[in-house]
Amino acid sequence: ANPPSKFRDCLFKIVPMYRYAARKQFKEAGKRDTWNIPDVMLVNRLKDAVEHEQRQNEQEAKKTLGEVVTYGSVVQLLHLKTNKFIAVNKKMWAQMEKKAMRVSLDLGQ
């Protein structure tokens, strides 16, 4: 792969670790083949939970804006051009360094 031609394509924003539990449950619920009334009610509740979780993530990002990142801080790196996060795939090896894990850009959990 060729390196990016513009420096701004290499910029990342440091953000706090976002919560993804509700989004993950909502995504899993959407994989069902059959639906009944309780399932639809559950999906509606999960959708509300996802929206609440997203608001919490935004509030946490605003709260921590400008804070110093110290060793041990749990953060995520958001690629500004693609709006994707750096993700580590523990099950795949890096292409160049076979003893390292693969790193890629991902939308988040």
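Phe12, Ile14, Val69, Val75, Leu77, Ile86, Val88, Met101, Val103 and Leu105 make up a nonpolar surface patch of about 800 Å². Keep in mind that you're looking at a predicted model.

**Who contributes to the patch**

- Four elements, β1, β2, β3 and β4, each give two or more residues to the nonpolar patch.
- The largest share comes from β4, which puts in three residues.
- One of the patch residues is Val88, and you'll find Val88 in strand β3.

**How the sheet is laid out**

- Four strands come together as an open sheet, in the order β1-β2-β3-β4, with antiparallel pairing.
- The edges belong to β1 and β4 (101-106); each has a single partner strand, so one side of each has no neighbour in the sheet.
- From one strand to the next, the twist averages 45 degrees.
- As background, strands of a sheet pair through backbone hydrogen bonds, and they can do so in a parallel or an antiparallel way.

**Walking across the strands**

- Start with β1 (residues 12-16) and β2 (residues 75-79): this antiparallel pair is held over five bridges. Within this pairing, Val15 has Gln76 in β2 as its bridge partner.
- Next come β2 and β3 (residues 84-93), antiparallel as well and joined by two bridges.
- Last, β3 and β4 run antiparallel with six bridges between them. For Trp93, the bridge partner in β4 is Met101, and Met101 is also part of the nonpolar patch.

- Is Thr64 buried or exposed? Its relative accessibility is 18%, and since buried means under 20%, Thr64 counts as buried.
- What does the side chain of Thr64 reach? It gets to the backbone oxygen of Ala61, at 3.4 Å.

Conventions
Residues numbered from 1 in each chain as written. Predicted model: local features only at pLDDT ≥ 70, side-chain atom pairs only at ≥ 80, totals over all residues. Heavy atoms only, no water. Pairing = 2+ DSSP bridges. Axes fitted to C-alpha atoms, helices over the stretch in contact; angles between N-to-C directions. Patch = residues over 30% accessible without salt bridge, like charges linked within 9 Å, V, L, I, M, F, W, Y side chains within 5 Å. Areas by Shrake-Rupley, 256 points an atom, 1.4 Å probe, with all protein chains shown as cover. Salt bridge = Lys/Arg side-chain N within 4 Å of Asp/Glu carboxyl O. Buried < 20%, exposed > 50% of the residue type's maximum accessible area, 1.4 Å probe, protein only. Polar contact = N/O pair within 3.5 Å; in protein donor to acceptor, adjacent residues only side chain to side chain.
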